[in-house]
Amino acid sequence: GTMSIVTRVLSRRSVSDLLPYSHAALSSSRPKPCIQRPSHTCSIPRNPRSLVSLHPRRRVHTTASVDVKLAASVDVKKVSMPPLSKRIAATDPPCIVQMQKMLAGKKDVLSLAQGIVYWQPPEAALEAAAKSITEPRVSMYGADDGLPELKEALKLKLAQENELTDVEVIVTAGANQAFMNVVLTLMDETAKAVLFAPYYFNHLMALQMTGAEISIGECDDNMIPDMDKLKVLLSKGDVRMVVICNPCNPSGVVTPKAVLQKAADLCAKAGAWLVVDNTYEYFTYDGAVHECVGGDNVLNLFSFSKAFGMMGWRVGFIAFPSLLVKEEAMKCQDTIPVCATILSQIVALASTQGAGRAWVQEKVEGLADNRAIVRAALTPLGEAAITQSNGAIYMWARLPADCPDDVKIVEWLAEKHGVCVIPGTACGVPGHIRVAFANLPLDKCKEASARLERGLHQLVTDGNM
């Protein structure tokens, strides 16, 4: 139901409070503002316990050779404990967790932040879970790579819906764990990976945990990964993996199949892997079509969380191009979850075989009003500031040029207007916000959007809060 985030006041400082709340952010020049702004300067005071700081914590590289230096995350001498892993210390703190800390003690804050849907799994899938709960197999370990009947159903789905044949499947505890499996299987500490900004923050974090060097690719004016810029990055050598989220979290833009194929071809020529996160494959609008590409160097990731309302059930899966790659990834699978929860896999199977894509499509079509209302709430920023998204469950918008501190603005929106969104800094592009439109039913979405519109109107017209 309603996603109103209210968290308790922390009674004492935790180790997490000592972290500089930062995400590796591009320090290259922002796009030129497309709307005229008043001459005033935005002067919203920043909360000292800021959600995200502008002090990045990883060395990343862009085609513009931007150098972002590594900063320590915890001074262990201050907390009287043995050293932490340098890799985990160099990993950004989770954006959603930091958001919850920022909202600690605040009441009546509506969330347009977390990327979830407001619906539950199909009724038949929940009934299947209820009927299976007492079966002994539910309490036992299952096959590491998933229930045989679920794997077969997924291979059929991949062939019929995604034109991916002759692939091998591992069922994971969500798409995030699928991505972690892939990173551990493909990457070495000396290898390089490419993310396109704006990127999904958990993709960045997974790569940071390996100690890998991360290069930031650029998108074109339509927010589609720029293949010419990718070619430049690949030409420098040592790139092991290129990641594309399609449709994109956070921009909501669908990458056309021709671009995906070009990326796969460029990666193959450079001896690199292409990893495509298809979590939002069913969420397309305005005639956009989601398509997949395959290949000997292509891995595709999928999720049940958003489409079937299974966020808490934690089920995703990986489509591997060969058994060899899958067998290596099984080392990660056996070490991390052993297997996805059996009961969750039963729900996933019933969702796939029973409800299927048609059920999801009806839910997605029902988001039309939510999507329109949230987009309208962003209009105080000017039409040119709103990305023309056609997928996923997000809107992406540029803030006024004289108010570039997106973190400060996000804090102010929550404090003064009772609505929460995600700062673009968390996705590598400061001066923007990500706004979700599927996590609230329509009535609450209207209320949250009205609050957001009032806040943005005040920001644009006054600037001095």
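Predicted model: local features only at pLDDT ≥ 70, side-chain atom pairs only at ≥ 80, totals over all residues.
Residues are numbered from 1 along each chain as its sequence is written, and side-chain values use heavy atoms, with hydrogens and water left out.

The protein contains 14 helices and 13 strands, these being DSSP runs numbered from the N terminus (H or I of at least four residues for helices, E of at least two for strands). Of its 465 residues, 58% count as buried, where buried means under 20% relative accessible area, exposed over 50% and partly exposed in between, with a 1.4 Å probe and protein chains only. Among the contacts with a separation of 6 or more, 79% are accounted for by residues 24 or more positions apart, a contact being heavy atoms within 4.5 Å.

Grid points are joined across faces, edges and corners, and a volume is the space filled by probe spheres set on the points. The search of the whole structure finds two cavities of 30 Å³ or more, and the largest cavity has a volume of about 130 Å³. This largest cavity is lined by 16 residues, of which Phe196, Pro198, Ile244, Cys245 and Cys248 are the closest to its centre. Two or more lining residues come from each of β4 (192–196) and β6 (239–245), and β6 gives the most, with three residues. By class, the lining of the largest cavity divides into 13 nonpolar, three polar and no charged residues, where Ala, Val, Leu, Ile, Met, Phe, Trp, Tyr, Cys and Pro count as nonpolar, Asp, Glu, Lys and Arg as charged, and the others, Gly among them, as polar.

The second largest pocket holds about 480 Å³ of space. Its lining comprises 24 residues, with Gly115, Asn176, Tyr200, Asn202 and Lys306 nearest the centre, and the elements that give two or more residues to this lining are α3 (95–102), α6 (175–186) and α7 (201–208). The lining of this pocket has 11 nonpolar, nine polar and four charged residues.

Aromatic pairs number 10 under a rule in which rings of Phe, Tyr and Trp (its six-membered ring) pair if their centres lie within 6.5 Å, with planes under 30 degrees apart counted as stacked, over 60 as edge-to-face and the rest as tilted. Tyr118 and Trp119 form an edge-to-face pair, 5.4 Å centre to centre with 80° between the planes; Tyr118 is partly exposed at 30% relative accessibility, whereas Trp119 is buried at 5%. Phe308 and Trp359, by contrast, form a stacked pair, 6.0 Å centre to centre with 10° between the planes. Because Phe308 lies in the loop between β8 and β9 (316–320) and Trp359 in helix α11 (residues 342–365), this pair ties together parts that are 51 residues apart in sequence. One aromatic cluster is formed by Tyr118, Trp119, Tyr280, Phe283 and Tyr394.

The structure holds zero disulfides, a disulfide being a pair of cysteine sulfur atoms within 2.5 Å. For Cys95, the nearest cysteine sulfur is that of Cys427, 6.7 Å away, and Cys95 is buried at 1% relative accessibility. Cys403, in the loop between β10 (394–398) and α13 (406–417), is likewise buried, at 1%; its C-alpha atom lies 8.9 Å from that of Val460, 57 residues apart in sequence.

Glu281 is placed in the loop between β7 (273–277) and β8 (298–303) and is buried, with a relative accessible area of 7%. Beyond its neighbours within four places in sequence, Glu281 is in contact with Lys157, Asn162, Pro247, His290 and Phe302. Ser303, in strand β8, is buried as well, with a relative accessible area of 10%. Not counting residues up to four places away in sequence, Ser303 touches Ala175, Thr279, Val315 and Gly316, and the C-alpha atoms of Ser303 and Val315, 12 residues apart along the chain, are separated by 6.3 Å.

Notes:
1 Å grid on protein atoms, 1.4 Å probe; cavity = no way out; pocket = protein on both sides within 12 Å on 5 of 7 lines; lining within 4 Å.
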